[in-house]
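Below are some notes for a colleague who is about to look through this model.

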Amino acid sequence: MSCPGRIVQERLDPVVSPGQVSGHVHTISGGSGFGPSMTYADARAAKCSSCEIKEDMSNYWTPKLYGKFKNGTFAPVPVAGDGDDSNGGMTVYYLQRGEAGEKLKAFPENFRMLAGDPLKRNFTGGLDAKAVTFNCIGANKAQTNNIPNYKCPGGLRAQVFFPSCWNGKDLDTADHKSHMSYPVGENADSGPCPPAFPVHLISIFFEVLYDPSTFDSEWNGDNHPFVFAQGDTTGYGFHGDFVNGWDVPTLQKAVDTCLADSGNVADCGAVTMYTADECNSCKIPSVIAEEVGGLLTQLPGCNPVTSGPERAVPVANCASTAVIGPPIGNFVDLTTSKKWEYTGCGNDQGTRSFTGSKFDGDDMTVEKCVDFCSNAGFTYAGLEYGRECYCDNKLTTSNIPQDGIMGKCTMKCAGNAKEFCGNGGTLSIYHKCEGECKNQQIIGGGGAAAPVSSASASTSVSSASASASASASASASASASAVVDSVAVPIPSASSSTKTSVATVQGTTGMTTVTVVPAATSISVTSKTAAPTPTKKLECPHNNCVNQIFNPTASVPAKTFCPSYTQAAHQGKDAVPSYLSNCSGNVEVSQACSCLLANPTGQPRQKRSAGEY
């Protein structure tokens, strides 16, 4: 079962640390009912899942993997295909590993368990140790139980196999393991159950495929630069958590009847499926005001880097001040300052949602877009790709944000990395208030949406601080904390003709005069003067598609293909060269082409430290 996206990434673990800030950062996939303390009922109340089976609202999580730069700072190692570390998920296998004639059982309601040991730093033997493995794709070497000290050209895959034998009575235990056992024998993934654990459950197995190529220059000789969130450089401490959120009868039916050799979920008639886009749109807001991505001076929490072989010891009297608070929205609260409200994350694929005035720029912020649309006489403002702003007076049915779905509007604004400006094919939508202003906020713990006014306890990026952080001095001040910098913002697409007109408003690089056309005409704004030339090369998403765009041996040179490419004109896969067929659709191809056009003579540059430029 593919989990194309994650719902959230932060220091939460309702299995080990219910109701508290957990010791280290986890990447969490599954249902939107996830929360600091959650029940089976919470899981079942989820409105969506980042995994593809609709009847499964379970949650699955693993520790986040970081890379350590030679200058001592840390940054996330992205999941393959997620170069900007904004969305990447995992794969969860449900495996039929019973004995001949044995009927496997579904997980019961309220069931949860843990596999692996975050404090382990050596191979201890036993099936629990054998259950944690790493596969170095493309190295042509056998899988290992630790992170290998050789490079993995096709990616580094972390894997954990969960115990499948249940004692039949405890839904959880104090260590979250003792109610379960691995089978009898030499293998963690197959064999008969021991007598004290007579109920053989369906087996689950996690895979997370990382793209470690970003850190190829950070190796220290033959020693890799990778470290899991709990400070583990060995990989022996890799682990996974599972909280059951299945409709249990459906899972049992799937266990009993979905026996096709293909292993494809689509071949299982017992379940129905979300699309990949629906999975990627399933997010919940963070509830801990703590940076866990970008460039960090230390791992979040109190997690010194340890390499064993002795078992790691948790830091006593940890000085971390992180607390669980109200949901942190992916919007800017403008209800008081501008009398505009956040409507939600809307779809912008296919037909353009907003066809009124528009502009784009590398100094884009939510405030600039809303001001632009408001001054032009429009009542809706939408932000996309981090740097594009669109206006209109209506919101069509197909583009209305879904009730209870946070959406994938997770791309940082080009002019303020503390704000979010849509994403590929999605708009962060703001609306001029009619009466009381209410932002649409996803509150988690069941995925319910709640309109919240500016007086609510719910938290968003404040307008004042967001505006201030757009200045260079404020950015420098923010960088002095544990967060040194943010990850690179992907370059937006050079797409259809409805996106080609550019209007620039007041920004740090100066003023460009624009002509604003009345809203009723729905004619695009056009610029009277050229946009200022960037002072340094634009940064690009560092992913497989970009790497292929820059491949000099490509069958169709990208420098020939890209200048004539627009996303609107090329809707089908047959419209792009075959060597780009494994990119994530036209959005990623368009971003990669924009990268090529911005960097025509060399590889995309990627910033590795705050002081590099």
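Which backbone nitrogen does the side chain of Asp-392 reach?

1. The model is a predicted one. In it, the side chain of Asp-392 comes to 3.0 Å from the backbone nitrogen of Thr-355. Asp-392 belongs to strand 23, which covers residues 388-392. Its relative accessibility is 4%, so Asp-392 counts as buried, the cut-off being under 20%.

2. The surroundings of Asp-392 can be listed. Apart from neighbours within four places in sequence, Asp-392 is in contact with Ser-353, Phe-354, Thr-355, Gly-356, Phe-378, Thr-379 and Tyr-380. Thr-355, whose backbone nitrogen is reached by the Asp-392 side chain, is therefore also found among the contacts under the 4.5 Å heavy-atom criterion.

3. On charged pairs: 20 salt bridges are found in a search of the whole structure. Side chains of opposite charge can pair when their charged atoms come close. One of the pairs is Asp-85 with Lys-64, at 3.0 Å from N to O. Asp-85 and Lys-64 are both buried.

4. The Asp-85 and Lys-64 pair should be read together with its partners. A network of salt bridges links Arg-6, Lys-64, Asp-82 and Asp-85.

5. A salt bridge also joins Arg-157 and Glu-207, with 3.5 Å between the closest N and O atoms. This pair links distant parts of the chain, since Arg-157 is in strand 10 (residues 155-161) and Glu-207 is in strand 14 (residues 203-210), 50 residues apart. Glu-207 has a relative accessibility of 11% and therefore counts as buried.

6. Lys-368 and Asp-363 form a further salt bridge through their side chains, at 3.1 Å from N to O. Both Lys-368 and Asp-363 are buried.

7. Where does Met-180 lie, and is it buried or exposed? Met-180 is in strand 12 (residues 180-181), and its relative accessible area of 7% makes it buried. Between Met-180 and Met-113 there are 67 residues in sequence, while their C-alpha atoms are 7.9 Å apart in space. With neighbours within four places in sequence left aside, the contacts of Met-180 are Phe-111, Met-113, Pro-163, Ser-164, Cys-165, Trp-166, Phe-197 and Leu-201.

8. Two non-glycine residues with positive phi can be checked by eye. His-176 is not a glycine, yet its phi is positive at about 65 degrees. His-176 lies in the loop between strand 11 (165-166) and strand 12, and with 10% relative accessibility His-176 counts as buried. Tyr-385, likewise not a glycine, has a positive phi of about 60 degrees. Tyr-385 is placed in the loop between strand 22 (380-384) and strand 23. Its relative accessible area is 1%, so Tyr-385 is buried.

9. Which residues does a cis peptide bond join? The bond is between Gly-308 and Pro-309, with omega of about 10 degrees. Pro-309 is found in the loop between strand 18 (295-296) and strand 19 (324-333).

Terms used
Residues are numbered from 1 along each chain as its sequence is written. This is a predicted model: local features need pLDDT of at least 70, side-chain atom pairs count only at pLDDT 80 or more; totals for chains, interfaces and linings use all residues. Side-chain values use heavy atoms; hydrogens and water are left out. Helices (H or I, at least four residues) and strands (E, at least two) are DSSP runs, numbered from the N terminus. Buried means under 20% relative accessible area, exposed over 50%, partly exposed in between (1.4 Å probe, protein chains only). A polar contact is a pair of N or O atoms within 3.5 Å; within protein, one must be able to donate a hydrogen and the other to accept it, and residues adjacent in sequence count only if both atoms are side-chain atoms. A salt bridge is a side-chain nitrogen of Lys or Arg within 4 Å of a carboxyl oxygen of Asp or Glu.
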